[in-house]
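Hi,

Here's the structure I promised to pass along.

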Amino acid sequence: MIKKNSLRQSIIFLCTGLVLVTSVVIQGVSWWSSSQFNKKQLTESIDNAQNVFEQYTKEKEKILTTAARVLTADFGFKQAVTTNDKETIASVLLNHGQRIDADLMLLTDLKGQLISSSISKLDLNAAQSASLGILLLEPGTTHFMILQNTLYQLLALPVKAPRTVAYAIVGFEIDYDIADELKRLTGLDVSFFNSAGEVITTSMELTNETLTPDYLTSKMLPWLLGSRSAFDSRQFELETTKKHPVKLFLTAELSTIYQEHDRLLSSTIVIACLIMLIAILLSRIFAKNLTKPLLQLVEQSKAFSKGQYAHVVPNQNISQEVAVLFEAFTEMGNALDAREQKIIYQSQHDTLTGLYNRHTFRQIINKTLINEQRHVLITIDIRGFSNLNDILGVQVGDRCLQMLAQRLIGINGNDVQHARLDGDVFLSLIPLTEDVHIDRYVQEFISDLAKPLDVDSLTLNLKFWAGIAIYPQDGSDAAAVFRRAMIALDYAAKDNTPVRYYHSGEEEARQEHLTIIEALRLALTKADGQLYMNYQPKLNLKTGEIDKVEALIRWKHPELGFVSPEVFISYAEQTGIIFDLTSWVIDTVLEQLSNWQKNGLFIDAAINISAQDISHPDFQMNLNNAAVKHNISPEYITLEVTERDLMQDEVQAVALLLELKEKGYTISVDDYGIGQSSLAKLKQLPVDELKIDKSFIMQLASSESDQIIVSSTITLGHRLGLSVVAEGLENNGSLDILRTMGCDHIQGYFLSKPLSANSFVEWLGSYYKNNI
């Protein structure tokens with residue numbers, strides 16, 4: 001079992017946690033802000049230091065420029081340079097350098113070769129001479145250059161007499177004093193490094209460390225579990241020759257900043273700890289005062305869960321907020337009580353009419369029908385209600401249902417229970433005494449219900465279908481009575497009977513119907529041989545040949561036994577699986593035709609199709625695909641459709657049959673003579689064949705009226721270019737009459753009963769053997 005913390009512990013943990021989180025956040029924000037501020041200050045300091053250094057070098061450059069101009073403009077100096085008076089040149093350079101406090105005075109020829117220097121024994125190597133030569137390419141501009149391991153800021157100007165005869169170079173030494181002065185001006189340490197990373201001069205004081213660029217950029221100080229940078233440095237290259245670069249490092253030491261930051265961190269942690277201790281003490285007091293009334297509310301919640309919504313009386317010593325909470329609990333209890341009653345009512349009643357709904361009504365009849373007292377259960381359906389909705393609108397339809405519900409309540413006593421199932425179906429459970437005549441009572445009930453209704457200035461005369469089941473006559477339990485009343489209502493609508501009583505055995509018949517349909521679905525999917533085809537031969541009376549057969553489906557169920565085609569085909573049409581059944585027939589028959597043709601037997605096969613097949617969008621595609629699959633030409637396939645199916649949707653039927661006829665299929669009208677069509681209407685249909693119904697053929701030899709009808713049908717059919725088939729031939733006398741009338745084909749048990757594929761082949765061989 002999971003252990004849960006109490007509310008008091010949770011409050012303490014929450015307050016302590018909030019203080020802890022707040023302290024951590026404040027510390028984090030403080031540390032981040034301080035770091036950002038220090039970083040910004042350091043960046044500004046280094047920027048300022050860089051500006052100071054640049055201004056410093058510019059001022060030195062001005063001094064050098066002025067000194068060099070004075071020197072190069074001196075007439076005596078120019079004369080000494082022209083005459084190559086080395087003593088005079090050396091004297092002038094020395095004196096002039098002392099006047100301007102220059103550390104280095106040089107005179108070079110035009111190629112940068114040293115002529116004279118203010119420093120005795122100044123020996124320049126080839127690389128330094130080359131660097132001086134580069135300096136001469138930009139006279140008037142200062143450059144930094146290392147001479148004899150000393151860094152100088154140099155400036156060169158030409159000595160003209162009047163053309164350039166030499167160059168005077170003036171320079172200041174960059175030494176520790178300069179670095180220290182720059183540190184004083186900028187507040188940052190200044191270090192100069194040569195291209196090899198060796199320090200030239202620096203303002204930093206190091207004891208045991210060797211100063212290098214890497215030292216300034218990667219030196220770390222230990223801190224807590226990690227480390228942090230010791231310096232913040234910025235480097236940039238001075239204006240020198242490319243072969244001898246000089247780097248300047250402006251460095252801020254961070255240890256002082258870190259010390260201040262660490263002191264702030266320590267103080268914040270101490271303060272946070274004190275606050276946490278205070279928070280723990282205060283939260284304990286607060287939690288204790290809060291949980292007391294809450295325990296009372298917990299008890300009240302338990303009462304609410306049991307449906308007890310009594311008024312909550314709090315203790316006296318509570319805060320204003322807790323008092324408001326107690327009042328809210330009381331209001332919640334009242335609201336829950338009201339809502340619960342409303343939900344219960346809505347769950348038991350129809351929202352539109354206020355009558356009981358299906359679920360509640362089933363519970364009522366289960367409780368009511370438990371003794372021997374007679375009850376009648378009347379199910380009522382409004383005839384044509386959907387049309388009323390479509391014509392007058394949903395609002396009028398809803399109002400009509402509401403008024404009908406009120407009428408139901410008004411025409412019966414208090415012991416009668418009413419319900420609305422769905423749509424326009426109502427139920428009434430009525431107790432009956434022994435002296436009540438049920439038929440008369442039901443008629444009076446329907447008559448009262450059918451009186452005109454005044455709905456929104458409209459007078460409506462409603463008609464009903466009523467299904468009746470009587471307890472205990474039609475069922476010994478409530479569920480059976482309910483089912484059988486609904487079955488009676490279905491039959492009332494199906495038979496167009498205003499009042500229909502349940503008849504014994506109808507529920508079993510419906511169950512059998514459902515069983516057959518489900519078994520048929522299974523048989524179509526399993527393909528285990530339950531469904532099979534028989535073929536009944538058709539005799540061509542003109543040639544004496546058997547050139548056609550009618551394909552007839554048969555079904556033998558392992559438990560139900562042989563199921564009549566009239567039964568399961570009718571059920572298939574009612575439940576919408578006739579298309580799947582027809583598709584199976586087409587594929588099976590065409591496969592058989594293919595097998596016969598491979599064995600040299602070429603014969604036409606007639607397949608029955610229904611109205612649902614004709615209206616199905618995939619029928620033609622399935623038929624064509626099956627013909628291609630089994631390599632059967634459409635000329636070997638006859639499609640038989642009844643008059644009734646042709647007339648259901650004549651426009652669609654004509655369009656489809658016309659397309660099929662154009663592809664080569666033969667179209668036959670089956671059961672002709674018992675439907676709604678006429679020869680005049682058939683003239684407009686794309687049919688090739690008439691099949692006279694067997695009701696006119698079976699007694700043809702003895703019925704003069706049948707002979708007249710059949711003869712006229714054959715004659716008119718031929719005049720319309722149609723072939724005529726007579727089905728149901730039972731005797732030789734009828735055969736002779738049909739032959740005399742010019743009938744094209746005959747079919748019936750006199751010729752042969754429907755046969756399996758193998759039996760048909762055997763029969764055909766025997767037939768030709770006996771008739772040749």
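First, a definition for what follows: buried means under 20% relative accessible area, exposed over 50%, and partly exposed in between (1.4 Å probe, protein chains only). Keep in mind that this is a predicted model, where local features need pLDDT of at least 70, side-chain atom pairs count only at pLDDT 80 or more, and totals for chains, interfaces and linings use all residues. Residues are numbered from 1 along each chain as its sequence is written, and side-chain values use heavy atoms, with hydrogens and water left out.

Now the salt bridges (a side-chain nitrogen of Lys or Arg within 4 Å of a carboxyl oxygen of Asp or Glu). The structure has 23 of them.

One joins Glu-550 and Lys-691, at 2.6 Å from N to O. This pair links distant parts of the chain, 141 residues apart: Glu-550 is in strand E20 (residues 546-557) and Lys-691 in strand E25 (residues 689-692). Helices (H or I, at least four residues) and strands (E, at least two) are DSSP runs, numbered from the N terminus. Both Glu-550 and Lys-691 are buried.

Another pairs Glu-507 with Arg-483, at 2.3 Å from N to O. Glu-507 sits in helix H14 (residues 506-526) and Arg-483 in helix H13 (residues 478-495), 24 residues apart. Glu-507 is buried, at 14% relative accessibility, while Arg-483 is partly exposed, at 37%.

Then there's Lys-661 with Asp-688, at 3.4 Å from N to O. Lys-661 lies in helix H20 (residues 650-662) and Asp-688 in the loop between helix H21 (679-682) and E25, so the pair ties together parts 27 residues apart in sequence. Lys-661 is partly exposed at 33% relative accessibility, and Asp-688 is partly exposed too, at 23%.

Cheers
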